[in-house]
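Good morning, everyone, and thank you for making time for this. Please have a look at the structure on the screen, and then I will walk you through a few parts of it.

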Amino acid sequence: MSQSVNEFFDRLWGNYIEITPSAKKIHQVLGDGSDIINDHVAFRTFNLPGINLSALASFFTDMGYQEKGQYEFTSKKLNAKHFEHVDSTLPKVFMSELKLELCSDALNNIVNRLVAQLDRSLLGDSRFLYSGAHWQVSYQDYLALLEESEYAAWMAAFGYRANHFTVSVNHLKQFKTLQDVNRVLKDNGFSLNQSGGEIKGSSEVMLEQSSTMADKHIVKFSDGERAIPGCFYEFAYRYPQADGRLYQGFVEASADKIFESTHSHTGR
Ligand code: OOG
Ligand code: NI
């Protein structure tokens, strides 16, 4: 029944590129046919029983992952943790959750109505993590969520899947810096998230990150179809620590801006 960690990531990737065609093109542009190593993948959820961060994280601890870092995003009302595998060739996992007790009653009512439609018997299998949205949602409710929390609106429309994969720039053969990667992406017509600057972070915090703006995807809302931002691709360059190993953590101030890659436009 349970799948291997490699099968899990293959299927997660397959599900992600179905709605993120630019990720496939980026592999051609950056990889030039050779393998791309992913630094991390990211998941989003609501902090409700059975589907909160700690519940979903157990799929990863079962696969041999360990919790390594904790993060807080006050204005976005999010918590996050990151997980690493003993096999360092496997991507890290960044998982966040929306703190519903800090959100309005109106938002809670919509989210509870959606989550009530979820078949709880699916929660025992790691396939849940790329099973999409388990509910009918109207475009009107999507817009109502968007007013208060873009994160909640994204979850309502896209549900359970990788929000993004992240290229490890350190492992790219043809590129030495994140600046070079960004230049080639822009030359090839990809638009990058400019919130907080094109490159978030620096050598001082030992991590530099950039990301595309999410591809638009047509979502079937209960009251019609609309094209809205789905998933994006991220790029990470890590610096060595005093012990010579690359820094493996995340940087709150940078992550706060990466979340905005699923906004309709940046700089809000
Ligand atoms: C996660 C944003 C943060 C990072 O690498 O700092 C992040 C999200 O958009 O769900 O991925
Ligand atoms: Ni990320």
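I would like to begin with strand 4, residues 92-98, where seven of the seven residues are buried, so the strand is largely enclosed by the rest of the structure. Please keep in mind throughout that what you see is a predicted model. In a regular strand, side chains alternate between the two faces of the sheet. For strand 4, both of those faces are covered, with K92, F94, S96 and L98 buried on one side and V93, M95 and E97 buried on the other.

Which strands, then, pair with strand 4? Strand 1, residues 38-46, runs parallel to strand 4 and is joined to it by seven bridges, and within this pairing V41 has V93 as its bridge partner. Strand 3, residues 78-85, runs antiparallel to strand 4 and is joined to it by six bridges, with A80 standing opposite S96. Strand 3 and strand 4 also form a hairpin, with six residues between them.

The residues around ligand 1 include F94 and S96, along with A42, R44, N163, Q209 and E234. Strand 1, strand 4 and helix 8, residues 252-258, each supply at least two residues of this shell, and helix 8 gives the most, with three. How does the shell divide into nonpolar, polar and charged residues? There are six nonpolar residues, four polar ones and two charged ones.

Next comes the largest nonpolar core, which has 61 residues, and those with the most contacts inside it are A152, A156, A157, A162 and V169. The largest share of this core, eight residues, comes from helix 6, residues 150-158. If we take V169 and leave aside its neighbours within four places in sequence, we find it in contact with F175, L178, V181, F235, A236 and Y237.

Finally, I would like to point out two residues in loops. K77, in the loop between strand 2 and strand 3, has a positive phi of about 60 degrees although it is not a glycine. M206, in the loop between strand 6 and strand 7, is not a glycine either, and has a positive phi of about 70 degrees. Are these residues buried or partly exposed? K77 has 20 other C-beta atoms within 10 Å, and therefore counts as buried, whereas M206, with 17 C-beta neighbours inside 10 Å, counts as partly exposed.

How values were computed:
Residues are numbered from 1 along each chain as its sequence is written. Chains are lettered from A and ligands numbered from 1 in the order in which they are written. This is a predicted model: local features need pLDDT of at least 70, side-chain atom pairs count only at pLDDT 80 or more; totals for chains, interfaces and linings use all residues. A nonpolar core is a set of buried Ala, Val, Leu, Ile, Met, Phe, Trp, Tyr and Cys residues joined through C-beta atoms within 7 Å. A residue is buried if 20 or more other C-beta atoms lie within 10 Å of its own, exposed if 12 or fewer, and partly exposed in between; C-beta atoms are placed from the backbone. Helices (H or I, at least four residues) and strands (E, at least two) are DSSP runs, numbered from the N terminus. Two residues are in contact if their C-beta atoms, placed from the backbone, lie within 7 Å. Two strands pair if DSSP finds at least two bridges between them. A residue is near a molecule or strand if its C-beta atom, placed from the backbone, lies within 6 Å of it. Ala, Val, Leu, Ile, Met, Phe, Trp, Tyr, Cys and Pro count as nonpolar, Asp, Glu, Lys and Arg as charged, and the others, Gly among them, as polar.
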